[in-house]
Amino acid sequence: MNFLKSTYGAMMLVGLLAVSCNRDEDMQQGTDTEEEQAVETSSEGDDSADDALEMAYQGEHQLTVSGGRVKYNMCATVTNDKEHHIITIDFGDGCVGPYGRERKGKILIAYSSEVGDSLANRIITFENFFVNNKGVTGTIELRDVSINADDNLQSTNRLKDLTITFPNGQKVVYNGSRTREWLAGAGDDDPTNNKYKITGTVTGESTTGRSFTQEIVEPIISDWSCAAQGNFARVSGVVELTKLNGYSVRKRTVYYGDGVCDNVITITTFRRTYSVTIGS
């Protein structure tokens, strides 16, 4: 009888351990799924932020050219308050413009000297601005604008509570600095061939309040000829996201590709590597 009781007790213990392990594994998989979604959200957020910067440039550039040389229609009204040094790019209630994206609301650019001064500092803010139904708020400061050793225009882009809010209520908030070097297309009145190199590190915070560090470990190449085809502007480079989860550090790596125009990113976690196609 004692033998049977011992055997039965052992079987019960094994069963309980199995249930516990399964529950832990399910919880872990749930956490992994949540974090993978956060990585995807972060990548989409970067795309929206890149778009806002590009629209700011195009709006200001439209004010500096004459004779109808601009090769594009922004689908926006661009005005310049010369007294207060503020450019307003007003997309109204929404329309489909450059790169086939729908935008609405306003982008505001405060400039330090005069319109068209490529070396002047600028502060970009937003008023009820959306791109493809993603809300953009916060501030982008363009500082330390200069011509670098390769004779390319570059600037430091400081992100201050730059927030991308998605239609489902999820959001990602960025703070920090990136350096953007203009590799091609500067000042030629054709926005479809603009190309940039982006480096730097920012911190972020997801909807759940979890913070992460986003470091560009291989320079991002942002090619707007790809965006003109309906794809991501970011075509290559590697970003590493580091998240503190309790007492452990978790890293996620995002590969943007090898220069091919598409909407595919590859994400590597400690469990697996997989590709995601994200609509822009």
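A disulfide is counted here as a pair of cysteine sulfur atoms within 2.5 Å.

The model is a predicted one, in which local features need pLDDT of at least 70 and side-chain atom pairs count only at pLDDT 80 or more, while totals for chains, interfaces and linings use all residues. Residues are numbered from 1 along each chain as its sequence is written, and side-chain values use heavy atoms, with hydrogens and water left out.

How many disulfides does a search of the whole structure find? The search returns two. In the order of the sequence, the bonded cysteines of the protein chain pair as 1-2, 3-4.

Let us take C226 and C261, whose sulfur atoms are 1.8 Å apart in their disulfide. The torsion about their S-S bond is about -60°, so this disulfide is left-handed. Because C226 belongs to helix α2 (residues 224-227) and C261 to the loop between β12 (248-258) and β13, the pair ties together parts that are 35 residues apart in sequence. Helices (H or I, at least four residues) and strands (E, at least two) are DSSP runs, numbered from the N terminus. On accessibility, buried means under 20% relative accessible area, exposed over 50%, and partly exposed in between, with a 1.4 Å probe and protein chains only. C226 is buried at 0%, whereas C261 is partly exposed at 28%.

The other disulfide is formed by C75 and C95, with 2.0 Å between the sulfur atoms. It links distant parts of the chain, 20 residues apart: C75 is in the loop between α1 and β1 (77-81), and C95 is in strand β3 (residues 95-96). C75 is partly exposed at 23%; C95, at 18%, counts as buried.

Is D51 buried or exposed? D51 is buried, with a relative accessible area of 0%. Its side chain makes a polar contact, at 3.2 Å, with the side chain of R101. A polar contact is a pair of N or O atoms within 3.5 Å; within protein, one must be able to donate a hydrogen and the other to accept it, and residues adjacent in sequence count only if both atoms are side-chain atoms.

Finally, strand β13 (residues 264-268) has a covered face, I265 and I267, and an uncovered one, V264, T266 and T268.
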